[in-house]
Each structure stands twice: as structure tokens, then as C-alpha cells.
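The following note sets out points on the chain shown below, in numbered paragraphs. Please read each point with the structure open.

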Amino acid sequence: MRGALTAGSVTDVGDIAVRLEAAFNAGDAAALASLYADSAILMPPNEPMVKGRAGIRAWFEQALPRVGHVSITPIESRSVGDQAFQAGAFTSRSPAGTGSSIQEPSPARPGKYVLLLIRSAGHWKIQYDIWSLDQPVG
């Protein structure tokens with residue numbers, strides 16, 4: 001059985017997606033940042049890399065108002081020693097007022113992600129995070 005879902009205390013690699021999804025949907029930049037290692041690197045699409053937990057928190061504080069609801073589906077997670085990865089898919093839906101209708105959120109946008117994690121003091125933290133949306137280039 002998995003432990004309590006407290007921010008920042010991931011003991012099972014499979015729980016990372018659950019915690020990410022919960023923090024995204026709560027609009028909680030601090031909870032999101034707590035899932036990252038101190039020296040983590042965030043690689044958002046079409047933007048420069050963001051380095052360090054403090055920078056990642058600041059990035060999320062700016063991005064979360066545009067995100068709305070997120071659904072994360074891990075496809076594969078694996079760990080070897082103190083390193084792990086998780087690959088998966090997600091959908092995001094912009095909040096009401098930002099889509100084509102002021103009353104309804106935008107249509108779901110699918111994407112994919114890869115997380116590289118490190119274990120420190122018995123807890124998994126995200127070291128590298130990269131994702132992209134499934135949109136045609138053009």
C-alpha cells in the first residue's frame with residue numbers, strides 16, 4: 001500500500017504522477033516545486049530551461065493560471081538504485097474564460113512527458129522534467 005500523499009514525500013515512483021496531478025489541479029506551485037530536487041531542471045516546450053527548485057516554483061506560479069485541469073497517465077515507471085524514470089501522457093484543459101467560450105474551458109490538449117528522478121533520503125524527487133503537446137509543427 002502506498003503512503004499518504006503529502007507534497008514532497010514520494011517514496012514510490014508510481015506516486016509521482018498522482019502528486020503532480022493533484023498539485024496542478026489545486027493550482028499549488030509550492031506543492032509542485034516540493035516534488036523537484038534542489039538542482040532540478042524543468043524543460044518546458046518552446047521556452048528556456050528553468051534551473052533549481054526556486055526557479056521552478058516561480059515558473060509554476062506564472063504558468064498555473066493558464067493551465068486549468070490536468071490529467072496525467074503514466075505509461076511506464078522503472079527504478080534502478082537511486083535513479084528512476086517515468087514516461088507517460090497527459091491532457092490539459094485551459095480554465096474557463098481562456099478558451100473559445102468565456103463560459104467553458106478549452107478542449108483537452110493531449111501531450112506526453114518524461115521524468116528522470118533521483119532518490120534522496122528515501123524519497124523520490126524529480127531531477128529532469130520535459131514534456132510537449134501533441135500539436136503539429138507549423
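**Notes on the predicted model**

1. In helix α3, the residues I56, W59, F60, A63, L64 and V67 are buried. Buried here denotes a relative accessible area under 20%, exposed denotes over 50%, and partly exposed lies in between (1.4 Å probe, protein chains only). Helices (H or I, at least four residues) and strands (E, at least two) are DSSP runs, numbered from the N terminus. An α-helix has 3.6 residues a turn, so residues three or four places apart point the same way.

2. On the basis of the values: this is a predicted model, in which local features need pLDDT of at least 70 and side-chain atom pairs count only at pLDDT 80 or more, while totals for chains, interfaces and linings use all residues. Residues are numbered from 1 along each chain as its sequence is written, and side-chain values use heavy atoms, with hydrogens and water left out.

3. The length of α3 agrees with expectation, because its 15 residues should span 21 Å at 1.5 Å a residue and its end C-alpha atoms are 19 Å apart. The expected span is 1.5 Å times one less than the number of residues in the helix. A kink of about 35° lies at E61, shortly before the proline P65; the bend at a residue is the angle between axes fitted to the seven residues ending there and the seven starting there. After α3 comes G68, with a positive phi near 75°.

4. Helix α1 covers residues 15-26; its 12 residues should span 16 Å, and the end C-alpha atoms are 17 Å apart, which agrees. Its buried residues are D15, I16, A17, R19, L20, A23 and F24. Just after α1, G27 has a positive phi of about 65°.

5. Which residues touch the most other members of the largest nonpolar core? They are L20, Y36 and F60, in a core of 31 residues. At least two residues of this core come from each of α1, α2 (29-34), β1 (36-43), α3 (53-67), β3 (69-80), β4 (83-93), β5 (109-120) and β6 (123-133). The largest share, six residues, is supplied by α3. A nonpolar core is a set of buried Ala, Val, Leu, Ile, Met, Phe, Trp, Tyr and Cys residues joined through side-chain atoms within 4.5 Å.

6. Residues up to four places away in sequence aside, Y36 touches L20, L42, R53, I56, F60, K125, I126 and D129. Contact means heavy atoms within 4.5 Å.

7. The six strands form an open sheet in the order β2-β1-β6-β5-β4-β3, with mixed pairing. Because β2 and β3 stand at the edges, each with a single partner strand, one side of each is left without a neighbour in the sheet. Two strands pair if DSSP finds at least two bridges between them. Antiparallel β4 and β5 are joined by 10 bridges, and Q83 has I118 in β5 as its bridge partner. Antiparallel β5 and β6 are also joined by 10 bridges, with S120 opposite H123 in β6.

8. Two residues other than glycine have positive phi values. N46, with phi of about 60°, is found in the loop between β1 and β2 (50-51) and counts as exposed at 82% relative accessibility. A121, with phi near 55°, belongs to the hairpin of β5 and β6, which has two residues between the strands. A121 counts as exposed at 74% relative accessibility.

9. Is Q86 buried or exposed? This residue of strand β4 counts as buried, at 1% relative accessibility. The side chain of Q86 makes a polar contact of 2.8 Å with that of Y113, and also reaches the backbone oxygen of V13 at 3.5 Å. A polar contact is a pair of N or O atoms within 3.5 Å; within protein, one must be able to donate a hydrogen and the other to accept it, and residues adjacent in sequence count only if both atoms are side-chain atoms. Beyond four places in sequence, the residues touched by Q86 include G14, I16, P74, E76 and L117.

10. H69 lies in strand β3 and is partly exposed, with a relative accessible area of 47%. A polar contact of 3.4 Å joins the side chains of H69 and N25. Leaving aside neighbours within four places in sequence, H69 is in contact with N25, T91, S92 and R93. H69 and P95 are 26 residues apart in sequence and 7.0 Å apart in space, C-alpha to C-alpha.
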